[in-house]
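Please look through the model below before reading the comments that follow it. The points are numbered so that each can be checked against the coordinates.

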Amino acid sequence: MVLVYSDDHKLTLELLNKGSELARELNKSLTAVIIGKDEFSKDYIAHGADKVVIAETELNQFKAEEYTDILEGVIKETGSETILISSNKNGKELASRLAAKFKAGCITDCTNVYLKDKKLTAERIVYSGNAVAVEQFNTIPQIVTIPSKVFDPLPKDEKHKGEVIKKKIDVQKSSSKILKVQEMKTEGVNVEDAEIIVSCGRGFKNKEDIKLVSELADVLKGRTVGCSRPIAADLKWLSEDHWIGLSGHKVKPKLYIAAGISGQIQHIAGMRDSGVIVAINKDPEALIFKSADYGIVGDLYEVLPKLTDAIKTKMG
Ligand SMILES: Cc1cc2nc3c(=O)[nH]c(=O)nc-3n(C[C@H](O)[C@H](O)[C@H](O)COP(=O)(O)OP(=O)(O)OC[C@H]3O[C@@H](n4cnc5c(N)ncnc54)[C@H](O)[C@@H]3O)c2cc1C
């Protein structure tokens with residue numbers, strides 16, 4: 001049995017794609033788990049789940065200890081051996097706790113998962129993006145976590161049939177309690193879902209100059225501005241929800257324009273799956289050009305306003 005779980009609906013759909021493939025190759029069925037209210041069971045079945053287990057709980061928010069106990073119960077009851085969990089904050093906490101409970105292996109942040117000689121094999125980027133580790137398990141269950149956007153959801157198939165099973169799993173009261181949940185301060189930007197992103201890097205001399213990328217994003221009707229790590233983490237010119245890369249957000253827009261970004265592997269790791277990549281850099285040897293479909297060698301202070309004007313004229 002292959003089992004997928006995420007507390008995020010969209011990520012569950014992405015996991016179901018890889019889960020379906022593995023289940024088919026292993027000749028097993030695919031189970032999706034919902035903890036709490038059933039909002040999405042039909043959707044999960046239409047995206048490939050053969051079973052949806054709804055674990056009912058009185059908890060009204062994520063609680064790592066209880067959620068781990070619930071998932072442990074479902075895994076044991078369903079006899080699941082291959083577990084795919086989303087690599088978001090809650091998913092990573094759950095996966096590691098589950099692995100400890102089962103004394104099992106756990107491979108986090110996988111960029112690919114497949115069967116090799118019938119053994120589950122996972123790849124993940126290591127050494128700051130300089131190498132890819134290819135790993136297999138010695139234990140069962142096999143737990144992997146997968147970041148968002150690694151796989152697309154399968155197209156919806158309303159004819160796909162599945163079973164919905166409601167379960168009440170008794171869990172021990174945890175030894176910790178949540179006193180307060182404080183939302184992170186963001187500018188409300190969602191780079192992960194953006195179709196067009198214009199990104200800025202250290203090639204910008206001042207915070208005010210970032211308006212050059214916002215203006216280009218505006219005329220492209222993309223309106224989404226991204227950035228490299230130094231702009232968000234060191235200079236704090238933009239909030240962290242703009243930050244793209246290995247330690248930032250992973251994005252997959254149709255168009256990614258990188259201005260004044262050198263193209264270090266840690267930045268590329270977050271945007272390499274973009275449809276079309278355009279790079280603007282004054283250094284013809286800049287690494288970013290190796291990943292770009294179109295490269296403009298020039299000073300961003302000259303190129304960006306010209307590009308914005310040209311697109312404005314073209315688009316009327
Ligand atoms: C563990 C780890 C995780 C990391 N995670 C991330 C991450 O998630 N995201 C990320 O981005 N980085 C990350 N980094 C940092 C990464 O290694 C780079 O340091 C960073 O991406 C560099 O940012 P940059 O390209 O904006 O700046 P720089 O490398 O300084 O590049 C600036 C570029 O601008 C060009 N330039 C300068 N002036 C102009 C001009 N007037 N016109 C045109 N071009 C100009 C230069 O030629 C240069 O290529 C991480 C590093 C580590 C070690």
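**Notes on the model**

1. Helix α3 is followed by G79, whose phi is positive, near 65°; helices (DSSP runs of H or I of at least four residues) and strands (runs of E of at least two) are numbered from the N terminus. This is a predicted model, in which local features need pLDDT of at least 70 and side-chain atom pairs count only at pLDDT 80 or more, while totals for chains, interfaces and linings use all residues. Residues are numbered from 1 along each chain as its sequence is written.

2. The length of α3 is consistent with its residue count: at 1.5 Å a residue, the 15 residues of the helix (residues 64-78) should span 21 Å, which agrees with end C-alpha atoms that are 21 Å apart. The expected span is taken as 1.5 Å times one less than the number of residues.

3. Y67, T68, D69, I70, L71, V74 and I75 of α3 are buried, where buried means that 20 or more other C-beta atoms lie within 10 Å of the residue's own, exposed means 12 or fewer, and partly exposed lies in between, with C-beta atoms placed from the backbone. These buried residues pack against β1 (2-5), β2 (30-35), β3 (51-56), β4 (82-86), α4 (89-102) and β10 (163-168); contact requires C-beta atoms, placed from the backbone, within 7 Å.

4. An open sheet is formed by seven strands in the order β5-β9-β4-β1-β2-β3-β10, with parallel pairing, two strands being paired if DSSP finds at least two bridges between them. β5 (106-107) and β10 stand at the edges with a single partner strand each, so one side of each has no neighbour in the sheet. Within the sheet, β1 and β2 pair in the parallel sense over three bridges, and L3 stands opposite T31 in β2.

5. Helix α1 (residues 9-26) lies across β1, β2, β4 and β9 (142-146) and runs at about 175° to β1, whereas the direction of α3, which packs on the sheet, makes about 150° with that of β2. Axes are lines fitted to C-alpha atoms, for helices over the stretch in contact, and angles run from 0 to 180 degrees between N-to-C directions.

6. Strands β6 (residues 110-116) and β7 (residues 119-126) pair in the antiparallel sense over six bridges, with Y114 opposite T121 in β7; their hairpin has two residues between the strands, and D117 in the turn has a positive phi of about 50°. Six bridges also join β7 to the antiparallel strand β8 (residues 131-136), and in that hairpin, with four residues between the strands, Y127 takes a positive phi near 50°.

7. Some backbone geometry deserves a second look, since most residues other than glycine have a negative phi, and most peptide bonds are trans. The peptide bond from I140 to P141 is cis, with omega near 0°, and P141 is found in the loop between β8 and β9. D109, in the loop between β5 and β6, has a positive phi near 55° and counts as partly exposed, with 17 C-beta neighbours inside 10 Å. K236 also has a positive phi, of about 55°, and is exposed, with 11 other C-beta atoms within 10 Å.

8. Which residues come nearest to the ligand? Of the 27 residues around the ligand, these are G201, R202, G203, G245 and S262, a residue being near if its C-beta atom, placed from the backbone, lies within 6 Å. The largest share of the shell, three residues, comes from α7.

Conventions. Two residues are in contact if their C-beta atoms, placed from the backbone, lie within 7 Å.
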